[in-house]
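Hi,

Here is the structure I promised to pass on. Have a look, and then read on for my notes.

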Amino acid sequence: MDIDELIELVKLHGKSIYGFCYKLTGNKEDTEDLYQETFLKAVELRLKMDASRNPKAYVISIAILLHKNHRRKLAWRQRIAPTAELDEAANQSGSLASEATPEDAVLSLELRAMIQDAAHRLDDKMKLPLYMYYTADMTVEEIASALRIPPGTVKSRLHKARKTMRKVLEVDSP
C-alpha cells in the first residue's frame, strides 16, 4: 500500500477509527495520542498492508496492540511509583448545551455514564469486539480478521458482552 492509498484510508475510515480509539482510552488527550501513534505505525507498516484485504481492520488491530502496550507500560510504572487517578467528571461538563431541557441532559449523561461504566467492566475479550462493532462500524468478519479469531467467536463474544452489559445495567438502574 502506498502513501496515497493510506491517505485515502484515513479519509474513509478516520472518524470511525478515532471513535474506536476514544472508546479504548476514554479521554480526548489519550485518544489523540493513540490515533496519531496508530497512523504513524501504519505508515511504517504500509508495505505490509494489502488494500484488498481490509486495511481498516489492520489499522484497528494496530490501535489495539498499541493500546495494550501502553496499558502494560502504565501498569508497570504504577507498580514502581503509584500515582493518583485523575477525576474525569470535569471533562464531561461541557456536553450539556445541546440538549432540549436540563432534565433530558442529566438523564442522557447518566445513561451514557452507566453504559460506559458497564462496558468498562467487561474484560478485553468482550470489550474489544463490542467497541469495534459499535464505534468503528466494523462487520463481524472485519473484527475476526483484525483480532485473528473465527467469526463465530466474535459473534459469541458480542452476544456475551451484550448479555453481561444488560445484567449490569438492570442491577444499576433504579
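Buried means under 20% relative accessible area, exposed over 50% and partly exposed in between (1.4 Å probe, protein chains only).

Before going further: this is a predicted model, where local features need pLDDT of at least 70 and side-chain atom pairs pLDDT 80 or more, while totals for chains, interfaces and linings use all residues. Residues are numbered from 1 along each chain as its sequence is written, and side-chain values use heavy atoms, leaving out hydrogens and water.

Lys 56 sits in helix H3 (residues 55–80); helices are DSSP runs of H or I with at least four residues, strands runs of E with at least two, numbered from the N terminus. Beyond its neighbours within four places in sequence, Lys 56 has contacts (heavy atoms within 4.5 Å) that include His 13 and Asp 137.

Asp 137 lies in the loop between H5 (124–134) and H6 (140–147) and has a positive phi, near 50°. Asp 137 is exposed, at 56% relative accessible area.

Overall, the chain has seven helices and zero strands, and 31% of its 174 residues are buried.

Best wishes
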